[in-house]
Amino acid sequence: MSELLGGRYLLGAMIGTGGMADVYAAHDERLSREVAVKVLRSDLARDPSFVARFRKEALAAAGLNHPGIVSVYDSGEEPAPYIVMELVSGHTLRELIHQGERLPQDRALEIAEGILAALDFSHERGIVHRDIKPANIMITDQGVAKVMDFGIARALDDLGATLTSTWNVVGTAQYLSPEQAMGESADHRSDIYSVGCLLYEVLTGRPPYTGDTPVSIAFQHVSGDFIKPRSLNPELSEGIDILLAVALAKKPMDRYQSAADMLADVRKLRAGQVVTTKIARRPVKKGKIVAWLLALLLVAGGLSYTVLNSGTIQDNSLVELPNVVGFTQVQANSLLMDFTVTFQHAHDVQRPKDLVSNQEPLAGTKVRKGSGVVVTISDGPGDVEIPTNIVGMLVADARAALRTVGLVIARTEDVASDKPAGTVIAVIPDAGSTVAAGDGVVLQIANGVVEVPSLIGVQEVQAKTVLTQGKFQINILDANDPTQANGVVLAQAPDAGNSATIGSSVTITVNRIP
C-alpha cells in the first residue's frame, strides 16, 4: 500500500485497527488539513460486489452534514478501497464501557440525545445506519457524541455480515434488533432498538441480552425478556424503565416510530419530567413465536427448509442432511434423530468449545434415513505458535498471517521508528511463543515518527551520515566560531530529542574557519 492515496492523502501513524479496516491519521495535501483514512482489509477489498456497495454507501454517507455525525469527505479504491473522514480527537463509547465505567443517568441520556439527533437527521434523508453499537460512537474530547461508519455498516449488511457469518461477531449480535436477527429487512426502527440496547448497557453496565454465541443472543432478542434497568441500577429514575421498554419492544410497530419520538422522551427525562409513552400490547400467538425460532435456526444454521416444513422424512427417499455446525451436541442430536450419529471431539480454532465444528457427510448431502453421520464437537482452540515472520510486515499482512494460525490482533501500539508507517516492529508475546489459539496479540507499529539525533559537536561528514541513515533531509548553514574546530556542527534545528516525521528536514550549522 502506497503512503500517498489518491494522489493527495499522505498516510501517517496508524490510530486504530479493527475486524474490517485499519485507520490512519493522514494529511490532505490538496486542502492542507488533517484527516482520518480508513483502508479496507484486503480480503474484503477483493470482493467486487462489496467494493461497488462500498462506493455507493460512502457517497451517501458523504451527504450527511451534521455535528453529530463523523463527516465523510472522500473515498477511493486505489491501491485499496478507502474512506476519508473527519479526524476526531477522542475515544469510542466501547472503550469507555470496557473501562468498567457506568455513567450517571444524565450523562448517559446526554450521549443518547446526541446519537438520536444524528439518526433523526440521517433517517430524514433515507439513510439507515443498521449497525449502531458502542464501537461506532465516538466521544470527542469535548464530550460530544458522534456517530460514524454509516457507509461501511450498510455495505457490510448487504453482504450478510451479521450473526450468520461467524460465531465471533458476538459484539454486534448484542445490539441487533429482532428483525435483523431473523434476517429480515431493517428500517429506521431497527436503529432505535440498537440505541435502546446501547443505552441499557451504558446505564446498567451490561447489555440487555448476553450469551456465549450470536445464536443464543439472537434467540433472546427474538423471544426473551430483559431485566428491568432499575433492578440492576436502583439509582435510575422510573422513566428509564418506560423509555427502554418502548425502545426495546420486539415488534417494530410497538417501538418509537421515529428517532425524534425517542429523543423527545429522552429530553423529558433530562428535564425531570414524566414519560408516559407505552407499548401497544399486541398479543403474539404461540405458533408465531415457534415460527420465529425455527426461522432463526434456518438462518443461523442453514437447516434445510424442506425438512422443517415437511414435518416427516420419507423412509424410502433420499433427503438432504440438515446442518448442525455451530449447534450444541444436544441440539445436533435432536436435529439428526433420524440418522445414526457418531460424536467425536477435536480442537478447532473457529468454533467455541462444546459446539459442533464439523459434520460428515456435509449439510445438504442427499442421504437415506438411518444412514451414519459423524459429528465433531469442538474442544475449543488448541495451542499455536506466533509466526516468526510477523516483524517487518505491514499490519494487513500481519493480520492475515495471524489469522491463518487462529490468532487475532488485540490492540496496536504506536512506537517511534525509522521503518515505514504501519510496519510491525515487535509482537507481544514474542514471535515463536506458544499461546492458545484464538488469543489476541499486541503489535507494536511504526508510526513514522523518529527522534532527532544529537549532532552538536559532531563533524559535518558524520552528522550527514547520521541524518541520511535516519532518512532526514539535510539543510546546511555556515557560521564562523574561532573557538570551535573547523567543520563541527555548532547548532541544529529541531533540537536533539524532539520528534520529527521521517523525511522531514533537519538544519545544521557548520563551523567554517577561513
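Mentor: Buried means under 20% relative accessible area, exposed over 50%, and partly exposed in between, with a 1.4 Å probe and protein chains only. Helices (H or I, at least four residues) and strands (E, at least two) are DSSP runs, numbered from the N terminus. The model is predicted: local features need pLDDT of at least 70, side-chain atom pairs count only at pLDDT 80 or more, and totals for chains, interfaces and linings use all residues. Residues are numbered from 1 along each chain as its sequence is written, and side-chain values use heavy atoms, without hydrogens and water.

Trainee: Why is α8 called largely enclosed?
Mentor: Of its 17 residues, 16 are buried, so α8 is largely enclosed by the rest of the structure.

Trainee: Which residues of α8 and α11 meet?
Mentor: Contact means heavy atoms within 4.5 Å. I192, Y193, G196, L199, Y200 and L203 of α8 meet I240, L243, L244 and A247 of α11.

Trainee: What makes β3 and β4 a pair?
Mentor: Two strands pair if DSSP finds at least two bridges between them. β3 (residues 21–28) and β4 (residues 33–40) have 8 bridges, in the antiparallel sense, and D28 stands opposite R33 in β4.
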